[in-house]
Amino acid sequence: MTAQNIQAWECIVCGYIHEGAAPPDECPLCGAPRSEFKPRRPSTPHLPAVGGPEGVRVAVLGAGIAGLAAVESIRSASPTAQVTLISEEQHLPYQRLNLTRYLANEIAENQLPIHPAQWYTQHHLQLLLGTKAARIDLGRRSIVLADGQTTAFDKLILATGATAAIPPIPGAAAENVRCLRTLDDAKAVLDWARPGARCVCIGGGILGLEAAGALARRGVEVALIEGQAWLLPRQLNERASRVLQKQVTGLGIRLYHSAGVARIAGEGRAREVLLQDGSSLPTDFVILATGVKPTTALAEQCGLTVNRGILVNDQLVTSDPNVLAAGDVAEHRGTVYGLWTVSQIQGHIAGLSALGGQVAFNGVPRSNFLKVLGVGLFSIGAIEPEGPEGRALEQETDSGYQRFVFRGGRLVGAILLGDTRSATAVKSAIERADDLGGLLQRRLPATAVLAHLEVQETGARRG
Ligand SMILES: Cc1cc2nc3c(=O)[nH]c(=O)nc-3n(C[C@H](O)[C@H](O)[C@H](O)COP(=O)(O)OP(=O)(O)OC[C@H]3O[C@@H](n4cnc5c(N)ncnc54)[C@H](O)[C@@H]3O)c2cc1C
């Protein structure tokens with residue numbers, strides 16, 4: 001095995017990174033076709049010696065995308081590092097973000113694993129599945145597993161991700177109430193999702209919306225409860241949300257806005273969801289999509305500094321110099337991203353950083369892709385203008401809605417709903433902090449701004 005035989009491809013639309021000999025047929029994150037993938041330039045970490053210290057023992061806790069990206073980059077950089085990847089889940093590391101597509105019957109279970117089992121042996125990676133870590137002993141630099149065995153490390157990468165946040169709703173512990181975080185959750189939900197079955201989905205964020213859309217496509221009668229006044233309040237302004245809402249209700253999903261859940265009723269088994277306004281929604285099962293919280297218990301127990309997530313610096317090192325953290329569990333400059341591509345990027349960086357590479361994560365603008373409802377949605381950065389220098393341009397078209405948010409002539413946020421093909425151009429303009437003050441002074445419509453960004457992007461790609 002050589003360090004070179006792991007090749008990577010980057011989706012130029014959303015930044016998704018695919019490891020393998022060839023790009024995928026379709027981007028699992030934004031649906032972009034194979035032609036939108038370009039070979040990814042190898043990271044150029046300045047390692048103190050090739051691949052870091054000979055035979056360094058790196059333990060990676062959690063085999064989600066952050067943990068997997070960490071071991072990929074460690075192996076790319078070092079043929080000799082002794083790598084152990086520990087996962088509580090029984091399944092080979094899989095595309096968690098595709099669980100809703102699996103639920104919608106768009107992909108089969110055997111398409112979920114990111115690499116086949118032999119990939120781990122070929123790359124001399126020790127993969128411990130179905131193995132829960134119970135404790136971390138920083139003094140002895142070892143992980144104590146739930147069965148009492150220990151794994152020693154020189155460097156530890158914590159990639160324990162996040163778990164569903166369960167709100168204190170009476171009845172939420174009933175047997176037919178489930179969150180959607182793991183493949184086992186998705187399988188349980190599939191058992192209930194017969195055509196004609198009734199489901200109440202609590203939470204109208206991205207996950208709730210995707211889950212509701214997936215179940216509606218299977219013929220389930222879905223009621224979607226959202227506590228806020230409109231859908232996706234973090235990603236969309238009210239006008240964009242109303243455009244999206246048409247798609248949601250078009251799938252037959254009944255939408256309840258500004259609705260609070262009083263309790264889930266039934267004896268051990270949910271039979272109805274009672275809203276605070278007194279209405280009752282009879283149901284066969286309930287999905288809780290009410291947010292996630294970083295899985296920080298082990299980090300707290302061993303004394304690492306934890307706020308909302310485990311605090312990390314730009315090298316993704318925690319308060320202990322031998323311990324790094326990446327993905328949904330990490331908090332970087334006050335942000336816990338909770339996003340696939342960011343977890344993947346952080347995982348790559350943490351892997352290289354653990355070997356002593358001079359690499360840094362400098363933060364990225366928050367962006368989201370949503371495709372499962374058949375409508376393309378790209379939302380990035382600020383969605384409302386702030387302060388006296390803030391300004392927004394928006395336009396509703398037959399094919400959707402576009403909104404651009406500026407601060408001092410620079411684009412700081414955008415929403416593309418419907419046609420998201422220009423997402424790369426928008427993202428690049430935000431990242432380059434292009435000065436678009438001249439365009440704003442000419443009072444051009446949002447479509448003209450978009451056309452300008454596309455021209456800029458084409459020029460940047462050519463040149
Ligand atoms: C259904 C769904 C759809 C999503 N869609 C999108 C999307 O469209 N776009 C987007 O950007 N993001 C999406 N996300 C979020 C995205 O999947 C996450 O941001 C990403 O998976 C986080 O990766 P991670 O590796 O940090 O953590 P995780 O994927 O949570 O992995 C952490 C792993 O660590 C394991 N672990 C935790 N504690 C222990 C322990 N003590 N011992 C052993 N193992 C342990 C866990 O079991 C888990 O397997 C979606 C998430 C879900 C659930």
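Colleague: Which residues does leucine 416 touch, once residues up to four places away in sequence are not counted?

Modeller: Contact here means heavy atoms within 4.5 Å, and on that criterion leucine 416 touches Gly376, Leu377, Phe378, Tyr401, Gln402, Phe404, Ser422, Ala423, Val426 and Leu450. Please keep in mind that this is a predicted model, in which local features need pLDDT of at least 70 and side-chain atom pairs count only at pLDDT 80 or more, while totals for chains, interfaces and linings use all residues. Residues are numbered from 1 along each chain as its sequence is written, and side-chain values use heavy atoms, with hydrogens and water left out.

Colleague: In which strand is leucine 416 found, and why does it count as buried or exposed?

Modeller: Helices (H or I, at least four residues) and strands (E, at least two) are DSSP runs, numbered from the N terminus, and leucine 416 is found in strand β28. Buried means under 20% relative accessible area, exposed means over 50%, and partly exposed is in between, with a 1.4 Å probe and protein chains only; leucine 416 counts as buried because its relative accessibility is 1%.

Colleague: How should I read a nonpolar core, and which members of the largest one touch the most other members?

Modeller: Such a core is a set of buried Ala, Val, Leu, Ile, Met, Phe, Trp, Tyr and Cys residues joined through side-chain atoms within 4.5 Å. The largest one has 53 residues, and those that touch the most other members are Val60, Leu61, Ile74, Ile143, Leu156, Ile157 and Leu158. Its largest share, six residues, comes from helix α1, residues 65-77. Apart from this core lies another, of 43 residues, which includes Ile107, Ala193, Leu236 and Leu244.

Colleague: For a helix, what spacing do residues that point the same way have?

Modeller: An α-helix has 3.6 residues a turn, so residues three or four places apart point the same way. In helix α6 (residues 238-250), the buried residues are Ala240, Ser241, Val243, Leu244, Gln245 and Val248, and the elements that cover them include α5, β15 (254-256), β26 (390-397), β27 (400-407) and β28 (410-418).

Colleague: In which sense do strands β1 and β2 pair, and over how many bridges?

Modeller: Two strands pair if DSSP finds at least two bridges between them, and β1 (residues 8-11) pairs with β2 (residues 17-19) in the antiparallel sense over three bridges. The two form a hairpin with five residues between them, and glycine 15 in the turn has a positive phi of about 90°. Strand β1 also pairs in the antiparallel sense, over three bridges, with β3 (residues 37-39), where tryptophan 9 stands opposite proline 39.

Colleague: Turning to the ligand, how many residues surround it, and which are the closest?

Modeller: A residue is near a molecule or strand if one of its heavy atoms lies within 4 Å of it; here 32 residues surround the ligand, and the closest are Glu89, Arg96, Arg181, Asp328 and Trp340. A polar contact is a pair of N or O atoms within 3.5 Å; within protein, one must be able to donate a hydrogen and the other to accept it, and residues adjacent in sequence count only if both atoms are side-chain atoms. A polar side-chain atom of arginine 181 lies 2.7 Å from a ligand oxygen atom, a backbone N or O atom of aspartate 328 lies 2.8 Å from a ligand oxygen atom, and a polar backbone atom of leucine 339 is 3.3 Å from an oxygen atom of the ligand.
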